[in-house]
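Trainee: I would like to learn how to read helix packing, sheets and chain contacts from a model. Where do we begin?

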Amino acid sequence: MSTNAQTVRSSFPLPADSRFPARGTRLGPVSVGVEEHIAIQTPKVGLSDICLSYRTQSGERLLALDNINLQVRSGEFVCIVGPSGCGKSTLLHLIAGLQSQTSGQVLIDGTPVQGPGTDRIMIFQDHGLFPWLTVGENVEFGMKMKGVPKAERLEKMRYYLQLVHLAKFEKSYIHQLSGGMRQRVAIARALATEPDVLLMDEPFAALDAQTRDLLHDELERIWSETGRTIIFVTHNVREAVRLGDRVILLTFRPGRVKSEFPVELDRPRSLEDPEVALAARAVLDELRDETNRSLEAEYRSGIKPHLEPGVQA
Amino acid sequence: MKRAARYIIFYAALFGLWTLLAELKIWPPYLFPSPWGVGEALYSGFADHSYWIAIRVSMQRVLIGYGISVVLGMILGLGVASNKFLEETMGGLLVSLQSLPSICWWPLALLWFGLNQNAILFVVIMGSLLSVTLAMEDGRKQMPKIFGQAGRNLGAKGFKLFWYVLLPASLPFIVSGLKQGWAFAWRSLITAEMLYLSLGLGQVLMMGRDLNDMSAVIAVMLLIIAIGYIVDGVVFKGMERHLHNKWGLTPAT
């Protein structure tokens, strides 16, 4: 089985132009004048030749990520889609520095990543909020670790809670909030450390459709207000097209960049926009092959092709 | 309300049976004391301060011994849980050591520390350390991985990660182990005190035996039970309630 993965690897050329120049209108935080310079700037996040392999329990080497190259501009909203088992969540863990790649480099502003850093904050599907702290204390946590003085912490905490419309819940505990509110706290907690990059790992996957719609709107608004770079992982193509400036499609095991889709639709967008549906169709057509391969592998082995060790089931 | 009534009926019946057996005088009072005799012993014990002193000395010892156990046990448990080599080697040793009653350490403790307070502390620590260590090891493993990841992601590392994330995150999973550790510490203390005459509740109990005063023996036994029960009910139940309020459902009960 492991040799199989190796042979596929060499035959696959990488898509060339990942530094896609930004076009189209959008209500993004970066003004048009700045955008013109971006093509020659160092990308905010750069992945160069990222490979990751695991040793499975039976002792086989399994290639999970194969030669990933990707550049993300400052202030860009990039969505990564792929079938389950393509290693898209793992990729986020690598960027976050929570896990290390077998080879290749993760660059932030051209500097290689060494472990976790508060310039890149992850938002997990299971939100990862601390149940022993209040909502306010959760939002303060990153600043407390940095040694930010209490008064400043409180001020910022309140500012960011207001930004996600949860100011009234400062003293509540996490279990008292709904799923959508929890994700908003997670967003506020991430923003409070003032990271340059937000890494979002299927953050809305466990929410109901209405809540998700609402959070899409809020995330788009927060993104345009704060100008953060966002890398958003999802298996939902429509969601990716609705949110992203660019959609990156990964192949099923080993994960490689299969293709990129620039999304040049006006913002704010909505999940129901026919343009969004149309753009999603194009991505879905390409994704289908990969999903089929993923399902095939699942049926053959009888084991779910989940290879993301950092992710809770 | 109903629960209270059940309690009252049960304990009244127990008390009635005891009184009845004592009143029937099947056994002489020095073998089977009456409730009144025990009550008198309790009263005079508290009146001449000897029980207060004994309680203070015993509590002091158990708090020191248990405190050391908790700190050491947490460090050990965390070490064992996060190191594969330690887990494979020491993990098994710890489990097998748990089958050893803590009083078996008494002869060694006497040789190492002499006939003094430190020997008693050593037995108390050996009694409760393993429970705390195993609980911490288990708690660290049961704790969802996401808390550690989120903590590291937000800039916590080293001691800060342990203190602000790993420790509070594992608390619901170790509270029952801490409770068990307390029970072992308390029992080990009383046992050790009974072997070594130096104040403390265990010694007061043995004094009752030496004086053939079964009323006093039972009075002290009641005290030992009461203290164990109060600590469990106040400290640990309080801790569980606190965790429950914060976490919603406590993962471990």
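Mentor: Begin with how an angle between helices is defined: axes are lines fitted to C-alpha atoms over the stretch in contact, and angles run from 0 to 180 degrees between N-to-C directions. Note also that this is a predicted model.

Trainee: At what angle do H8(B) and H10(B) pack, and how far apart are their axes?

Mentor: Two packed helices are described by the angle between their axes and the distance between the axes. Helix H10 of chain B covers residues 214-247, and H8(B) packs against H10(B) at about 170 degrees with the axes 11 Å apart. Angles over 145 degrees count as roughly antiparallel, and H8(B) and H10(B) are therefore roughly antiparallel to each other.

Trainee: Which residues make that contact?

Mentor: From H8(B) they include Leu171(B), Val175(B), Trp182(B) and Trp186(B), and from H10(B) they include Ile224(B), Val231(B), Phe236(B) and Trp247(B). By class, the residues of the contact between H8(B) and H10(B) are 13 nonpolar, one polar and three charged.

Trainee: Why is helix H7 of chain B described as largely enclosed?

Mentor: H7(B) spans residues 145-153, and seven of its nine residues are buried, so the helix is largely enclosed by the rest of the structure. Among the buried residues of H7(B) are Ile146(B), Phe147(B), Gln149(B) and Arg152(B).

Trainee: What do the buried residues of H7(B) pack against?

Mentor: Their partners are H3 and S6 of chain A, together with helix H8 (158-195) of chain B. After H7(B) comes Gly155(B), whose phi is positive, near 100 degrees.

Trainee: How many residues does each chain bring to the contact between the chains?

Mentor: Chain A brings 21 residues and chain B brings 16. On the side of chain A that touches chain B, strand S6 (120-123) and helix H4 (135-146) each supply at least two residues. H4(A) gives the most, with four residues. That side of chain A divides into twelve nonpolar, seven polar and two charged residues.

Trainee: H4(A) also packs against H5(A). At what angle?

Mentor: Helix H5 of chain A covers residues 150-163, and H4(A) packs against H5(A) at about 125 degrees with their axes 9 Å apart. That angle makes H4(A) oblique to H5(A). The crossing of H4(A) past H5(A) is right-handed.

Trainee: Which residues meet there?

Mentor: Gly136(A), Val139(A), Glu140(A), Met143(A) and Lys144(A) of H4(A) meet Arg153(A), Lys156(A), Met157(A), Tyr160(A) and Leu161(A) of H5(A). The contact of H4(A) with H5(A) comprises five nonpolar, one polar and four charged residues.

Trainee: Now the strands. What is the order of the four-stranded sheet in chain A?

Mentor: Strands of a sheet pair through backbone hydrogen bonds, either parallel or antiparallel. In chain A, the open sheet of four strands has the order S2-S1-S4-S5, with antiparallel pairing. Strand S2 (61-72) and strand S5 (111-112) are the edge strands, each pairing on one side only.

Trainee: How many bridges join S4(A) to S5(A)?

Mentor: Two bridges join S5(A) to strand S4 (residues 103-108) of chain A, and the two strands run antiparallel. In S5(A), Pro112(A) is the bridge partner of Leu107(A). As for helices, H3(A) lies across S1, S2 and S4 of chain A and runs at about 65 degrees to S2(A).

Trainee: Which loop holds Ser84(A), and is Ser84(A) buried or exposed?

Mentor: Ser84(A) is in the loop between strand S3 (77-81) and helix H3 (88-96) of chain A. A residue with 20 or more other C-beta atoms within 10 Å counts as buried. Ser84(A) has 20 such atoms and is therefore buried.

Trainee: Last, how do S9(A) and S10(A) pair?

Mentor: Strand S9 (residues 246-250) and strand S10 (residues 257-262) of chain A pair in the antiparallel sense over five bridges. Leu250(A) has Val257(A) in S10(A) as its bridge partner. A hairpin of six residues joins S9(A) to S10(A).

Notes. Residues numbered from 1 in each chain as written. Chains lettered and ligands numbered in written order. Predicted model: local features only at pLDDT ≥ 70, side-chain atom pairs only at ≥ 80, totals over all residues. Pairing = 2+ DSSP bridges. Contact = placed C-beta atoms within 7 Å. Nonpolar A, V, L, I, M, F, W, Y, C, P; charged D, E, K, R; others polar. Buried ≥ 20, exposed ≤ 12 C-beta atoms within 10 Å, placed from the backbone. Parallel < 35°, antiparallel > 145°, perpendicular 65-115°, else oblique. Left-handed = near helix turned anticlockwise from the far one by under 90°.
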